[in-house]
Amino acid sequence: MRIISTAMAASLVGMAALGAAPAQAATVIPAIFDLIVGNNNQVQDGNARFFSATSPTLGTYNVRATGWSLETNALGMFVRDAKLMVYSSGLGVISSDDGDGSQNRHSIDNNGRKDFVLLQFDRQVRLTSATFNTFSVMGATRDSDVTVRQGITSLPWTQTLALDNAPVTELNALFESGWSSLITTMGNSTRNPNPQLKAGNLWLIGADFTNSDRRTDGFKLAALSVIPEPGTWAMMIAGFGLAGASLRRRPGHSYAS
Ligand SMILES: [Ca+2]
Ligand SMILES: [Ca+2]
Ligand SMILES: [Ca+2]
Ligand SMILES: [Ca+2]
């Protein structure tokens, strides 16, 4: 009994000592948002949907999602609110050029207007993966290139973004930068659309705004995974370290019971 107890103590102290090491970080499990929740009753332009995700190690994260499109006309490029829909394969956007949504125009597509989703998280996060289910829009080849942008805003996450009919410059001002996540496969795809692991509490995921490969993109967004931004991460690791220190201070009776 004495031997087992000592071995357990050594093991626990060993784990505590690892607390400050990066190896401990591997135990942090992303929060995974299932976006296939809700229905399409009485959906109107500008509707918002709310989702939450709980990680065993990170707690619960919340997000407010809305659907939009970019329209180019003779005066320039403008942001228009749209209907954010939910289907068995994920979130879709019906914008004003999508008619009744038939021929898979109810997806997040760049046939005509460039559809996108804005995600307002309740804290800063880093996206680590997203699941895109790909559709042929108006008979085009299936493709799911995405435009991704991230920003940091002081606006409360539950608050409506006043972007309807705004020039695209107002949208761009909310984000640090933009990049595209291009893909050559035609099928469905779960991938990391944030390879640089940038952090923000405001995210944009849209059908590739540049359509650089000239293949129409159309997809539904089924899931997202997030981890904390680096500052929180450091605090969590420090927290593990403190827990380890408290274990080490009580070697005599911590493991007796
Ligand atoms: Ca659409
Ligand atoms: Ca469209
Ligand atoms: Ca492509
Ligand atoms: Ca494309």
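**Exercise 1.** In which sense do strand 3 and strand 8 pair, and over how many bridges?

*Solution.* The model is predicted. Start with strand 8, which covers residues 114-134. Strand 3 pairs with strand 8 in the antiparallel sense. The pairing runs over 8 bridges.

**Exercise 2.** Work out how strand 2 is joined to strand 3, and find the residue opposite Thr54.

*Solution.* Locate the strands: strand 2 spans residues 48-55 and strand 3 spans residues 59-73. The two run antiparallel, with 8 bridges joining them.

**Exercise 3.** Describe the link between strand 3 and strand 4, and name the residue opposite Thr72.

*Solution.* Strand 4 takes up residues 76-81. Strand 3 and strand 4 run antiparallel and are joined by 6 bridges. They form a hairpin, with 2 residues between them. Within this pairing, Thr72 stands across from Met77 of strand 4.

**Exercise 4.** Summarise the whole chain: how many helices and strands does the protein chain have, and what share of its residues is buried?

*Solution.* Count the elements: 4 helices and 13 strands. Then take burial. The protein chain has 257 residues, and 36% of them count as buried. Last, turn to contacts between residues at least 6 apart in sequence: 77% of these join residues at least 24 apart.

Terms used:
Residues numbered from 1 in each chain as written. Chains lettered and ligands numbered in written order. Predicted model: local features only at pLDDT ≥ 70, side-chain atom pairs only at ≥ 80, totals over all residues. Pairing = 2+ DSSP bridges. Buried ≥ 20, exposed ≤ 12 C-beta atoms within 10 Å, placed from the backbone. Contact = placed C-beta atoms within 7 Å.
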